[in-house]
Amino acid sequence: MASDDNIFISGDAVIHPRDLHEDFIRSSGPGGQNVNKVATAVQLRFDAANAAGLSERVRERTIKLAGQRATKDGVIVIEAGRFRTQEQNRADARARLTALVAKAAEPPPPPRKKTRPSKGAVERRLKSKAGRGTIKKLRGRVEND
């Protein structure tokens, strides 16, 4: 692979080819007898813990988002076997890894801004509560004078 094969995601997230390792395994998907003979499924390993192209924040979020696909050593394992050819499965695995890292590279949402109800809204709420209380009191026993 050439050095221009880097997968650029954002300013603080680039996947270098040296951080990827692919193994081809037998697929369980469609293909009839072909799946018993040809190793078309790909097992893509990405060493996120030691990847030079990821910032510390993106590295931690990537491993967290990977969930069970990440090993204790910080290696993310993605298996792709949906298609009949190795090339399609390689592209699928790389696309899924790219989507995972892109989601991790998104900036965090802005902090929540605290809001208070307006004075009028509070008064209307309390007035309606008092009205409901009055209605409930009127449901009591009727006394004959």
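**Before starting**

Residues are numbered from 1 along each chain as its sequence is written, and side-chain values use heavy atoms, with hydrogens and water left out. As the model is predicted, local features need pLDDT of at least 70 and side-chain atom pairs count only at pLDDT 80 or more, whereas totals for chains, interfaces and linings use all residues.

**Stop 1: the sheet**

Please select strands β3, β4 and β5, which form an open sheet of three strands in the order β3-β4-β5, with antiparallel pairing. The edge strands are β3 and β5, each of which pairs on one side only. On average, and with direction ignored, neighbouring strands of this sheet are turned by 20 degrees against each other. That angle is taken between axes, which are lines fitted to C-alpha atoms (for helices over the stretch in contact), and angles run from 0 to 180 degrees between N-to-C directions. Strands and helices here are DSSP runs numbered from the N terminus: strands are E runs of at least two residues, helices H or I runs of at least four. Two strands pair if DSSP finds at least two bridges between them.

One place to look is Leu20, whose bridge partner in β4 is Phe46.

**Stop 2: Arg45**

Select Arg45, which is placed in strand β4. Arg45 counts as partly exposed because its relative accessibility is 30%; buried means under 20% relative accessible area, exposed over 50%, and partly exposed in between (1.4 Å probe, protein chains only). Beyond its neighbours within four places in sequence, Arg45 is in contact with Asp19, Leu20, His21, Asp23, Val75, Ile76 and Val77. Contact means heavy atoms within 4.5 Å. Between Arg45 and Asp19, the C-alpha to C-alpha distance is 8.1 Å, and the two are 26 residues apart in sequence.

**Stop 3: salt bridges**

How many salt bridges does a search of the whole structure find? The search finds six, a salt bridge being a side-chain nitrogen of Lys or Arg within 4 Å of a carboxyl oxygen of Asp or Glu.

Select Arg94 and Glu22, whose side chains meet in a salt bridge (3.2 Å, N to O). This pair links distant parts of the chain, 72 residues apart: Arg94 lies in helix α3 (residues 86-105) and Glu22 in strand β3 (residues 20-25). Arg94 is buried at 17% relative accessible area, whereas Glu22 is partly exposed at 21%.

Now show Glu22, Glu87, Arg90 and Arg94 together: they are linked in a network of salt bridges.

Finally, select Asp92 and Arg82, whose side chains form a salt bridge of 2.7 Å, N to O. Asp92 is in helix α3 and Arg82 in the loop between β5 (75-80) and α3, ten residues apart. Asp92 is buried, with a relative accessible area of 8%, while Arg82 is exposed, at 54%.

**Stop 4: Arg59**

Select Arg59 in helix α2 (residues 56-66). Is Arg59 buried or exposed? Arg59 counts as buried, because its relative accessibility is 13%. Leaving aside neighbours within four places in sequence, Arg59 is in contact with Ala48, Ala49, Ala51 and Leu54.
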